[in-house]
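Subject: A structure for you to look at

Hello,

I am passing on the structure we talked about, together with some notes on what turned up in it. Have a look first, and then read on.

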Amino acid sequence: MYKNLYLKKGKEESLKRYHPWIFSGAIHHIEGEPEEGDVVRVLTSEGDFVAVGHWQIGSIAVRVLDFEDIDVDVEYWEHRLRVAYGMRRAIGVAGCGNGNDTYRLVHGEGDSLPGLVVDVYGQTAVMQAHSIGMHVSRHEIARALVAVTDGAVKNVYYKSETTLPFKAALGQENGFIVGGSAENVAVENGLKFHIDWLKGQKTGFFVDQRDNRSLLERYARGRAVLNMFCYTGGFSVYAMRGGAELVHSVDSSAKAIDLTRANVELNFPGDGRHEAYAEDAFKYLDAMGDKYDLIILDPPAFAKHKDALRQALKGYARLNAKAFDKIKPGGILFTFSCSQVVNKDNFRTAVFTAAAQSGRRVRILHQLHQPADHPVNIYHPEGEYLKGLVLYVE
Ligand code: SAH
């Protein structure tokens, strides 16, 4: 039987609108002494049932799993994961034999599974827990992943060393918890990528840029492309397939440059159009001259917390200003922000500031966002994080 958690009077309001977080300040008391990661039943101050969710110490004290009074057991995980997989099949990213076996299968709150992220690369799912409750249930969830994906997922790699709260000291280690495979080449829209789930950032690849990479491919023909913050070279490989005249990839990490080179080689062996440089973005942009007419700026999150917002906006403005200064007339700029705390209006204002500084005529061609396999729960707008603009610079 789950322990009961009582809210302070009136603190159930956001839950009535299905928002899935309960902040610690809203809690009156918990019966008994739950362990971090336990499922608790959330009740109003009058004792009416509201939700069940994972409890842990921290600002977000409960992540709601369900607004019905259910048991969180194997059947529950299977049900939620089946819904998530069914959605990916329905939108054509999973199991469709269309040259794509790379997709996000679980996107936290967007799939009513707060604290859980699962990306699929071929037959291997890489699973990340961001909450202790998901960590506690990792084996059940991993088995359920295999059970509901009709044989598509055979191995589950657990990668939560850096995503779980540090203090919890759970002794979590990265490694396979179901199966095991050394095969790490995944296919995205017919292009091949080595996925470094052992050491790479996030789950090893930025699955969230898939649709935006496809759009870039359509604009690449005959252009001189700069892919700044290239990481695994995703945008570079699409630009090559799109018929770019040359593609230069830049990242400050030498490992990222190795990965980019390997991925370009995997798809376009011996192709002389591509060069990669391990350099700082700002330095490179200052020194690069005006040879590029298609530039991608996909930096890491400049703001991880609300307090850092102002600084982050300055950073985006400074970065984009350099691109506006140098891009050839008639050039196209793909510019992104993946900071969750920077909303799309903030971002657009930062890019506007940079454009105005350059004095050039700039038109918005596309407004981009995260793809459909990174859905936003309508009751949890905080789930929206990736923003992009495609600009035509006269
Ligand atoms: N565009 C990539 C994802 C970019 S992730 C994709 O589609 O997969 C952000 C990248 O920026 C990381 O690889 C990181 O190494 C790099 N980076 C961080 N700070 C940098 C800097 N100052 N200059 C250049 N690259 C930087």
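A term to begin with: a residue counts as buried under 20% relative accessible area, as exposed over 50%, and as partly exposed in between. Glu 161 has a relative accessible area of 43%, so Glu 161 is partly exposed. Please keep in mind throughout that this is a predicted model.

Staying with Glu 161, its place is in the loop between β10 (155–158) and β11 (175–178). A polar atom of the Glu 161 side chain lies 3.0 Å from the backbone nitrogen of Asn 174. Ile 91 is 70 residues from Glu 161 along the chain, and the C-alpha atoms of these two residues are separated by 31 Å.

Now to the ligand.

Which residues come nearest to the ligand? Of the 16 residues around the ligand, they are Phe 229, Asp 251, Asp 280, Ala 281 and Asp 298. The shell is made up of seven nonpolar, four polar and five charged residues. With Phe 229 the backbone takes part, as one of its N or O atoms lies 3.0 Å from a nitrogen atom of the ligand. Taken alone, the ligand exposes 580 Å², and the protein buries 87% of that.

Next, a residue in a strand. Val 225 is found in β14, which covers residues 224–228. Is Val 225 buried or exposed? Its relative accessibility is 0%, so Val 225 counts as buried. Leaving aside neighbours within four places in sequence, Val 225 is in contact with Ala 239, Ala 244, Leu 246, Val 247, His 248, Tyr 292, Leu 294 and Ile 296. One of these contacts, Leu 294, is 69 residues from Val 225 along the chain, yet their C-alpha atoms are separated by 4.7 Å.

The hairpin of β12 and β13 is worth a look too. Strand β12 (residues 185–188) pairs with β13 in the antiparallel sense, over four bridges. Glu 188 has Leu 191 in β13 as its bridge partner. Two residues sit between the strands, and in this hairpin Asn 189 takes a positive phi near 45 degrees.

In the loop between β13 and α5 (210–219) you will find Thr 203. Thr 203 has a relative accessible area of 0%, so this residue is buried. Its side chain makes polar contacts with the side chain of Asp 119 (2.6 Å) and with the side chain of Tyr 121 (2.6 Å). Not counting residues up to four places away in sequence, Thr 203 also touches others, including Val 117, Gln 128, Lys 159 and Trp 197.

Last, Glu 12 lies in the loop between β1 (3–7) and α1 (13–16). Why does Glu 12 count as buried? Its relative accessibility is 10%, and buried means under 20%. Beyond its neighbours within four places in sequence, Glu 12 is in contact with Leu 7, Thr 44 and Val 50. Ser 45 is 33 residues away from Glu 12 in sequence, and 8.9 Å away in space, C-alpha to C-alpha.

Best wishes

Notes: Residues are numbered from 1 along each chain as its sequence is written. This is a predicted model: local features need pLDDT of at least 70, side-chain atom pairs count only at pLDDT 80 or more; totals for chains, interfaces and linings use all residues. Side-chain values use heavy atoms; hydrogens and water are left out. A residue is near a molecule or strand if one of its heavy atoms lies within 4 Å of it. A polar contact is a pair of N or O atoms within 3.5 Å; within protein, one must be able to donate a hydrogen and the other to accept it, and residues adjacent in sequence count only if both atoms are side-chain atoms. Accessible areas come from the Shrake-Rupley method with a 1.4 Å probe; for residues, only the protein chains shown count as cover. Ala, Val, Leu, Ile, Met, Phe, Trp, Tyr, Cys and Pro count as nonpolar, Asp, Glu, Lys and Arg as charged, and the others, Gly among them, as polar. Buried means under 20% relative accessible area, exposed over 50%, partly exposed in between (1.4 Å probe, protein chains only). Contact means heavy atoms within 4.5 Å. Two strands pair if DSSP finds at least two bridges between them.
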